[in-house]
Amino acid sequence: MNPAPRTPGLIAAGEKTFSFEFFPPKTEAGDRALWHAIRRVEALSPTFVSVTYGAGGSSRGRTIAVTKRIAAETTLRPAAHLTAVGHSVAELRSIIGHYADAGIRDVLVLRGDPPGDPRGTWTPHPDGFTYAHELVSLVRELGAFTVGVAAFPEGHFRATSPETELRHFIAKCRAGADYAITQMFFDAEAYLRFRDRVAAAGCDTPIIPEIMPATDVRQIRRFAELSGAVFPRKLADRLELTRGDPSASYQLGVEHATAMAQRLLDEGAPGLHYITLNRSTAALDIHRGLQHIDQTQETGSIDALTDHR
Ligand code: FAD
């Protein structure tokens, strides 16, 4: 189990990490698509794969089940997302214990947002945590986990000022984060500016950029609204011109993401974290277009499987 080297070790050795993010599906068809995507990325031996944690209810059980199944039935190293939303500290301890029992040693620690209205007022569980750094400390205290946290190069929508947010981010890293993964962004400069500000403030936690291929203009507009990510006008206009031609939109989104990812690697980003939305084709096409990533483990069979879903 967990055959791949640990993320911080690879980064310290100067190797680029690459990882893929999935979400727990609600239907049997969704489950089949997820496992098809997981098997395709497995052939590349990524550094890790991660599974998002839902806002509440049954999706949380599905996250735990999918993460455990990846640990039990694949050669992949799964990182479990975990949020503080609606959980007492005792419940969080118990979930972390379940992960440890299943051999899962990587946790992406998040505060999360209120269920229902993510932009609504944040109310902590009466016996829970208010900020992600508290959960980072708990995970650290409970075992030898590799801990990731979230970063927001273009600012978190709840931030009162960029300076305060930077201070909070660094405090979260110092509570015990091994690395951070950013929210999606579409302009390499946003990442580079943020990374340089963090470094200038004396924090050396590696920050892995999240890559979301902009292959569907409506979908990206919605994600940008929800997350506060900037959808650059130029990219949006170019994508608008391909509306009604999914193949042209796909090509444009993949080309843009590949060029941005290459620039990030050239500028020293420690790796890349691909959002797949459980359809791995675009992430794999971007990945194969890059230099500076060890692609020696890639097999020809991946090409045969490419189906541009
Ligand atoms: P925090 O670091 O706690 O920050 C939240 C806010 O509080 C920020 O504005 C911060 O500046 C402020 N703050 C922090 N510390 C303090 C302090 N001491 N005093 C005052 N203010 C403070 N959400 C999910 O529900 N499930 C997922 O699986 C998921 N995965 C994600 C993966 C990635 C890579 C990213 C980038 C985000 C993900 N999210 C997920 C979304 C995330 O939960 C939300 O964006 C949430 O609003 C912020 O979480 P955080 O961990 O950054 O919180």
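Hi everyone, let's start with a strand pair: strand β1 (residues 17-22) and strand β9 (residues 271-275) run parallel, joined by five bridges. Here F20 has Y274 in β9 as its bridge partner. Strands here are DSSP E runs of at least two residues, helices are H or I runs of at least four, and both are numbered from the N terminus; two strands pair if DSSP finds at least two bridges between them.

A quick word on the source: this is a predicted model, where local features need pLDDT of at least 70, side-chain atom pairs count only at pLDDT 80 or more, and totals for chains, interfaces and linings use all residues. Residues are numbered from 1 along each chain as its sequence is written, and side-chain values use heavy atoms, leaving out hydrogens and water.

Now the whole sheet. Nine strands make an open sheet with parallel pairing, in the order β7-β6-β5-β4-β3-β2-β1-β9-β8. At the edges sit β7 (207-208) and β8 (210-211), each pairing on one side only.

Let's move to β4. Why is strand β4 (residues 106-110) largely enclosed by the rest of the structure? Because five of its five residues are buried, meaning under 20% relative accessible area with a 1.4 Å probe, protein chains only. D106, L108 and L110 cover one side, V107 and V109 the other.

And its neighbours? β4 pairs in the parallel sense with strand β3 (residues 78-83) over five bridges, with H81 opposite L108. Four bridges join β4 to strand β5 (residues 146-151), also running parallel, and V107 stands opposite V147 in β5. Thanks, everyone!

Key
Buried means under 20% relative accessible area, exposed over 50%, partly exposed in between (1.4 Å probe, protein chains only).
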